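Q: Hi! I have a structure open and would like to talk it through with you. Could we start with the ligands and then move on to the fold?

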Amino acid sequence: MQEDLLSLAMESGVLLDPELADYLAERRHPVDSLLAILEAVNPRLLVLTLDEVQALNPIPPTPQVTPASAPVTARVRKDRLGTRREDYESEIVVRQDITGHSTCTGEMRDFSRYFNHRYKVLSRLLRARRELVGAVSIDRALKMAREVRVIGIVQSAKRTRTGNYLLLIEDEEASCQVLVPAEGPGADGAPVPDEVLGIVGRPWKDDILLAEEIVRPDVPPSHAFAGADEALCAAFVSDLHVGSRLFLRDRWERFAKWLGTEEACRIKYLVVVGDVVDGIGVYPRQDEDLAVDDVYRQYEEVGAMISALPEELQVIILPGNHDAIRPAEPQPALPEGIQQAFPDGVLFVGNPSLLRLHGVDVLCYHGKSMDDLVTRIPAVTYDRPLTGMVEMLKRRHLAPSYGGKTPLAPERTDHLIIDALPSIFATGHVHGFGIGEYRGIRLLNASTWQGQTAFQRMHNISPKPGMVPIVDLKTGETFAQAF
Ligand code: D5M
Ligand code: FE
Ligand code: ZN
């Protein structure tokens, strides 16, 4: 029940605090209660807590509404006008992709240039925020005696014993410490190293700012879904891990067969969001888990699987951390030698990539940085991957922290900044599943086709395999099919 409530709230662009989900689940009409609450609360709220709901006092009476149909059971209905994939050529513009543009040599000056670029772009986005009008340099701010606004990149972020955050932030000239109280707007998503944020606060002692508010670049509340003219759909899969003993071949075959049915005839694009194969030597003693221990043969198997799909289906493949390409992000597309294992017509792009599919902007990112977000932001968990995606959007960055589990290459420009906003944002990697929306952007996590590994069992990660999110590119309607 809690899961249903969480995804229902997510559909309305609100994250439910687990405590509130538990509370609602015990009510007589949990779904109706939630719908009533969603009607009653401030629509700009991102995270809804039990305290806020109790402050609504009394909880609004349950109106007679039909609960929203659970998205996971929805179907790709046939379009009234009979739109079919074979009647349309694919229309793809690769708007952003590192492939063929990598400049990085990994020298020290590469790093300073990289972070300068990150600071420049994100501070430009922050300057556009109403809360940061009149922002001054850190140097000037420390000399002022009134409320100040500054923009800085987080050098370090520590949680103090009292739950407050102590940051060291830096701009182009100076740095200072910032104390962010545990209560208040600053508590909305923990600050993480290397993110660029705005602080509204006042100087306190010589070199400390006391923050009243953290301002993130975020997504404007008005961001609208810009749809395609035709009622074509895009389906997303991820983490096939072909070559692993745990690859779920039967379920993939069911999916492949379904793609050829009338029900799926509007699906024009199939985007594979990384971890196409299990690879070799990706983690210690991986050989014990492999059914195919040659990486080229693993790709040949995937190539054969893709060949069996309907010919008019446009397949797009990006790599993940198990694929045969450099692990540092942004990752270029799979190399030529591997592309040969696939049928003609497959499009190979890098990770991340911003693609325009039939006029709709789709940001695809495998999602490796989720491993860092779960350790740094208490609200982000592996079983609710959309929470991590929302944190990326708030920070307008796919991998805010450098030097954790996500290797980043110091390219001339920071390709992981979310500058242009997409209409659809897709990730994989966590082997979970989720569909939802944040401020008009459709969010989806594309599941997996691998069963639970011993490593995941040890870390209490329960995969949700065989779930396929599908987005109607015309309307933005998002649903999922289970296989
Ligand atoms: O990652 C699949 C899932 O397993 C994903 O949820 C992360 C988790 N995982 C994998 N390796 C690690 C390490 N080393 N630390 C923490 N979590 C991990 P995949 O990329 O498919 O192996
Ligand atoms: Fe994976
Ligand atoms: Zn992965």
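Q: Which polar backbone atom lies 3.4 Å from an oxygen atom of ligand 1?
A: That one belongs to Val430. Keep in mind as we go that this is a predicted model.

Q: Okay, and what about side chains? Which one has an N or O atom 3.1 Å from an oxygen atom of ligand 1?
A: That's His429. Asp275 takes part too, with a polar side-chain atom 3.0 Å from an oxygen atom of ligand 1.

Q: How much of ligand 1 does the protein bury?
A: The protein buries 81% of the 460 Å² that ligand 1 exposes when taken alone.

Q: And which residues around ligand 1 come nearest?
A: There are 14 residues around ligand 1, and the nearest of them are His241, Asn321, His322, His429 and His431.

Q: Let's switch to the metals. What coordinates the zinc ion (ligand 3)?
A: Four residues do: Asp275 through OD, Asn321 through OD1, His366 through NE2 and His429 through ND1. Their distances run from 2.1 to 2.2 Å.

Q: Now the iron ion (ligand 2): which are its protein donors?
A: Asp239 (OD), His241 (NE2), Asp275 (OD) and His431 (NE2), at 1.8 to 2.3 Å from the iron ion. Along the chain, these donors are spaced as D-x1-H-x33-D-x155-H.

Q: I've seen Asp275 come up for both metals. How far apart are the two ions?
A: The iron ion (ligand 2) and the zinc ion (ligand 3) lie 3.2 Å apart, and Asp275 bridges them. Asp275 itself is in the loop between β10 (267–273) and α8 (295–307), and it is 156 residues from His431, in the loop between β15 and β16.

Q: Good, on to the fold. What is the strand order in the open sheet?
A: The sheet has 6 strands in the order β3-β13-β14-β15-β17-β16, and their pairing is mixed. At the edges are β3 (92–97) and β16 (433–438), each pairing on one side only. From one strand to the next, the twist averages 20 degrees.

Q: How do β16 and β17 run, parallel or antiparallel?
A: Antiparallel, with 6 bridges joining β16 to β17 (residues 441–446). For instance, Phe433 has Ala446 in β17 as its bridge partner.

Q: Which helix packs on the sheet there?
A: Helix α11 (residues 385–395) does, touching β15 (424–427), β16 and β17. The direction of α11 makes about 135 degrees with that of β17.

Conventions
Residues are numbered from 1 along each chain as its sequence is written. Chains are lettered from A and ligands numbered from 1 in the order in which they are written. This is a predicted model: local features need pLDDT of at least 70, side-chain atom pairs count only at pLDDT 80 or more; totals for chains, interfaces and linings use all residues. Side-chain values use heavy atoms; hydrogens and water are left out. Two strands pair if DSSP finds at least two bridges between them. Helices (H or I, at least four residues) and strands (E, at least two) are DSSP runs, numbered from the N terminus. Axes are lines fitted to C-alpha atoms, for helices over the stretch in contact, and angles run from 0 to 180 degrees between N-to-C directions. Contact means heavy atoms within 4.5 Å. A residue is near a molecule or strand if one of its heavy atoms lies within 4 Å of it. A polar contact is a pair of N or O atoms within 3.5 Å; within protein, one must be able to donate a hydrogen and the other to accept it, and residues adjacent in sequence count only if both atoms are side-chain atoms. Accessible areas come from the Shrake-Rupley method with a 1.4 Å probe; for residues, only the protein chains shown count as cover. Donors are N, O and S atoms within 2.8 Å of the metal (3.2 Å for Na, K and Ca); water is not among the atoms, so sites may look incomplete.
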